[in-house]
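Dear colleague,

My notes come after it, and I would be glad if you read them with the coordinates open.

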Amino acid sequence: MKFLQELLLDGTDIKGLPLSIVLLSGIVQLDLKGCKNISCLSNFISALKFLSTLNLSDGTAIRELSLSVELLTGLVVLNLKDWQYLSSLPSTINGLKSLKILNLSSCSKLENVPENLGKVESLEELDI
């Protein structure tokens, strides 16, 4: 399964990602949109070295974005739209050197974004 490129779990009732996800090292797109029961995005997601699109939009129960997100250096799209619990972004977000699109729209509890977000030179679209 190392050749699997897209894992589309949107709208499912999963509660978390298994540790075995690290075996899916070729994943380019991970879609967890609307997975209302997923409460944790484990640090081992950083093992997905080819991940370019991560969709956590539309009401997951995840409380915070993992600090290990900075290790996803190939991430191009990060969609956090309507993430109801997001109050802040980790300062490590500036480690996303390939990030072009960051969607934070309708994140009603988001108080501010890190100042170092401006250091992500590749960022082309920021939706707040």
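Below are the conventions, followed by what was found.

This is a predicted model, in which local features need pLDDT of at least 70 and side-chain atom pairs count only at pLDDT 80 or more, while totals for chains, interfaces and linings use all residues. Residues are numbered from 1 along each chain as its sequence is written, and side-chain values use heavy atoms, with hydrogens and water left out.

The structure holds one salt bridge, a term that here means a side-chain nitrogen of Lys or Arg within 4 Å of a carboxyl oxygen of Asp or Glu. The partners are lysine 33 and aspartate 58, with an N to O distance of 3.5 Å. Because lysine 33 lies in the loop between strand 2 (29-31) and strand 3 (53-55), and aspartate 58 in the loop between strand 3 and strand 4 (77-79), the pair ties together parts that are 25 residues apart in sequence. Strands (E, at least two residues) are DSSP runs, numbered from the N terminus. Lysine 33, at 35% relative accessibility, counts as partly exposed, as does aspartate 58 at 23%; partly exposed lies between buried (under 20% relative accessible area) and exposed (over 50%), using a 1.4 Å probe and protein chains only.

Threonine 12 lies in the loop between strand 1 (6-8) and strand 2 and is partly exposed at 27% relative accessibility. Leaving aside residues up to four places away in sequence, threonine 12 touches Cys35 and Lys36, where contact means heavy atoms within 4.5 Å. Its side chain reaches the backbone oxygen of leucine 9 at 2.8 Å.

Technical notes:
Helices (H or I, at least four residues) and strands (E, at least two) are DSSP runs, numbered from the N terminus. A polar contact is a pair of N or O atoms within 3.5 Å; within protein, one must be able to donate a hydrogen and the other to accept it, and residues adjacent in sequence count only if both atoms are side-chain atoms.
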